[in-house]
Amino acid sequence: MKQKISKMKILSVVGARPNFMKVAPIIEAIKAHNAAKPKAKIDHVLVHTGQHYDESMSDSFFRDLKLPKPDRYLGVGSASHAVQTAEVMKKFEAVLAEDKPDVVIVVGDVNSTVACALVASKFTYGDSGKKPLIAHVEAGLRSFDRTMPEELNRIVTDHLSDYLFVTEKSGIENLRNEGIDPKKVHFVGNTMIDTMIRFKPQAAKSQILGDLGIAENGIPSKNRNKRGALKPYALLTLHRPSNVDNPDTFNEIIHALKDVTRSMPIIFPVHPRTIANMNGGQLKGRFHFVAGKYAKTGEAQILEKQKTGLQPGINVVKPLGYLDFLQMMMNARIVLTDSGGIQEETTCLGVPCVTIRENTERPVTVEQGTNLLAGVNRRAIKRACKTQIESKRKSTRPKFWDGKAAHRIIKMLSRV
Ligand code: UD1
């Protein structure tokens, strides 16, 4: 008689750029589980909502992170919050009806995360009454700023989830304060850091520093003392609606960075939402658009102005792939950002980071890491940049940011 093979089905959702690196190690952990326990295999379905859809925001991440082709692509694209969320919900309901997973994994805090969690929470399979369980990876983070769409997405997703996988201690406390049953909460670490640890050696081979003329010999020497070959630079990312949609705030931030540009060029891989406000008003002429391999393409006005090589000032390049961006972070003198994930990555890399926001949902990066919260006021940003440029690199690893978070998650879910 054939032995019964029990199979469970896990469906993971990706939608926007920061989701890809959080799901990649979960897929690897499922593969490892299946190799170790062939009699208790997990089937995996990868769903891409298509919230981010173009080469630089999505496709290049699938290649760099060796992600499998999505089993389901929902193609929702860009729209207002309501339309985008609703489109994901409509299409995801049909996927659930067909795939009937035991567990739906959602990650982070983007519109696709909350949309799929909401659909799964109300869905039952036929008359059986059976429902998918919802697992939220990166649960419990709170900025306590409800003007951020991500904060609303985080709160709703956490309250709908059956498994809340937390990256840092503050998450446990926040969930307790919101009355969430502690039995649902599991402190597992950070899957985004799993990915960073896995891909660091490959990122170190990226040619981007040579291509941009930062490293004379192409890639920087392993011997840190020989860093003469590597010119100092600052790396900037900005895409929070509160920073870039309002031209006055955006202008204030860009002005604040003048002091940094006196000592080193800034390299600014520009997010599609940010570019819209860069070419007019008070910001006209404040950026150099770099020509060549990393050039931002598309807008005719920008194409006309592109120059080869880095210029003193703020140098705009296209949104970078995962490996190129990691290489840029690893070797930057300072990273200036309003991203959430970059605060965590720079903490582990030991690279000084200035967060251009009034709050952070990732306090461990300030308490233990290299992150300094500057706010968006010109004087405060200048002060924070000066402090960080003068500070030394110090790498710290918050608890469980050890490359094994996804394994902990799959170990727990495999017992469901
Ligand atoms: C989204 C997430 C944010 C995350 C960010 C990372 C929400 C509410 N926000 O913000 O948490 O930090 O992704 O990038 O989910 N666009 C393209 N190509 C693409 C995707 C978008 O050109 O592949 C453009 C569109 O013109 C769109 C704009 O970028 O209007 C914004 O995209 P959207 O997904 O709505 O939000 P993000 O600002 O990227």
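Q: Why does F20 count as buried in this predicted model?
A: The relative accessibility of F20 is 0%. Buried means under 20% relative accessible area, so F20 counts as buried.

Q: What makes F61 buried?
A: F61 has a relative accessible area of 3%. The cut-off for buried is under 20%, so F61 is buried.

Q: How many aromatic pairs does a search of the whole structure find?
A: The search finds eight aromatic pairs.

Q: Why is the pair of F20 and F61 called tilted?
A: The ring centres of F20 and F61 are 6.1 Å apart, and their planes stand at 35°. Rings pair if their centres lie within 6.5 Å; planes under 30 degrees apart count as stacked, over 60 as edge-to-face and the rest as tilted. The angle of 35° therefore makes the pair of F20 and F61 tilted.

Q: Which parts of the chain does this pair link?
A: F20 lies in helix α1 (residues 17-36) and F61 in helix α2 (residues 55-64). The two are 41 residues apart, and the pair links distant parts of the chain. F20 and F61 also form one aromatic cluster with F62.

Q: Why is the pair of F250 and F287 called tilted?
A: The centres of the F250 and F287 rings are 6.4 Å apart, with the planes at 40°. F250 sits in helix α10 (residues 247-256) and F287 in strand β10, 37 residues apart.

Q: Are F250 and F287 buried or exposed?
A: F250 has 0% relative accessibility, and F287 has 7%. Buried means under 20%, so F250 counts as buried, and so does F287.

Q: What is the order of the strands in the open sheet?
A: The order of the seven strands is β10-β11-β9-β8-β12-β13-β14, with parallel pairing.

Q: Why is one side of β10 and of β14 left without a neighbour in the sheet?
A: β10 (287-289) and β14 (371-373) stand at the edges with a single partner strand each, so one side of each has no neighbour in the sheet.

Q: What makes β8 and β12 a pair?
A: Four bridges join β8 (residues 234-237) to β12 (residues 334-337). Pairing needs at least two bridges, so these strands pair. A234 stands opposite I334 in β12.

How values were computed: Residues are numbered from 1 along each chain as its sequence is written. This is a predicted model: local features need pLDDT of at least 70, side-chain atom pairs count only at pLDDT 80 or more; totals for chains, interfaces and linings use all residues. Side-chain values use heavy atoms; hydrogens and water are left out. Rings of Phe, Tyr and Trp (its six-membered ring) pair if their centres lie within 6.5 Å; planes under 30 degrees apart count as stacked, over 60 as edge-to-face and the rest as tilted. Buried means under 20% relative accessible area, exposed over 50%, partly exposed in between (1.4 Å probe, protein chains only).
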